[in-house]
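This report describes selected features of one protein structure. Please keep the sequence and the model in view while reading.

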Amino acid sequence: MSAREEELIAREMLEHPELLGIRLKEKKWADVAALVRYARRDVPVELATTDPALYRTLREMVTRFFLRGGGALNLAKLEKLAAAAEG
């Protein structure tokens, strides 16, 4: 999966938090790992000058993700599960 695809998946899941539960049930580990990676990297600061409204929106969504317990997701384990599912 390309970096752009990961970003789009992460943004979609941040915008629609209910998708996290759905993707976990469907065992789409790569999608969940992409979300966790994006949230941990945080929103690119450059976006604050190029598109302040989008920056604010994404920052709010990332904050909500962590407040809902997203920080408890184990990225290393998700990556192992995703690799096992691919292979």
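The model is a predicted one, and its whole structure contains 1 aromatic pair. That pair consists of Phe65 and Phe66, arranged edge-to-face, with 5.3 Å from centre to centre and 70 degrees between the planes. Phe66, at 35% relative accessibility, counts as partly exposed.

## Helix α5

Helix α5 covers residues 52-67, a total of 16 residues. From its first C-alpha to its last it reaches 22 Å, close to the 22 Å expected at 1.5 Å a residue.

Which residues of α5 are buried? They are Leu58, Met61, Val62 and Phe65. Viewed down the axis of α5, these buried residues fall within an arc of 100 degrees, so they line one face of the helix. Their cover includes α1 (3-15), α2 (18-25), α3 and α4 (47-50). After α5 comes Gly69, which has a positive phi near 100 degrees.

Helix α3 spans residues 29-41 and contains Asp31. Is Asp31 buried or exposed? With a relative accessibility of 12%, Asp31 counts as buried. When its neighbours within four places in sequence are left aside, Asp31 is in contact with Met1, Ile9, Met13 and Arg23.

## Salt bridges

Side chains of opposite charge can pair when their charged atoms come close. In this model the count comes to 9 salt bridges. One of them joins the side chains of Arg37 and Glu6, at 2.7 Å from N to O. Arg37 belongs to helix α3 and Glu6 to helix α1, so this pair ties together parts that are 31 residues apart in sequence. Glu6 is buried, its relative accessible area being 15%.

Another salt bridge links Glu26 with Lys28, at 3.6 Å from N to O. Both residues are partly exposed: Glu26 has a relative accessible area of 44%, and Lys28 has one of 39%. Within helix α5, Glu60 forms a salt bridge with Arg64, and the closest N and O atoms are 3.9 Å apart. Why are these two residues separated by about one helical turn? The reason is that Glu60 and Arg64 are 4 residues apart in helix α5. Glu60 is partly exposed at 45% relative accessibility, and Arg64 is partly exposed with a relative accessible area of 36%.

Methods. Residues are numbered from 1 along each chain as its sequence is written. This is a predicted model: local features need pLDDT of at least 70, side-chain atom pairs count only at pLDDT 80 or more; totals for chains, interfaces and linings use all residues. Side-chain values use heavy atoms; hydrogens and water are left out. Buried means under 20% relative accessible area, exposed over 50%, partly exposed in between (1.4 Å probe, protein chains only). Contact means heavy atoms within 4.5 Å. The expected span of a helix is 1.5 Å times one less than its number of residues. The arc is that of the directions from the helix axis to the C-beta atoms. Rings of Phe, Tyr and Trp (its six-membered ring) pair if their centres lie within 6.5 Å; planes under 30 degrees apart count as stacked, over 60 as edge-to-face and the rest as tilted. A salt bridge is a side-chain nitrogen of Lys or Arg within 4 Å of a carboxyl oxygen of Asp or Glu.
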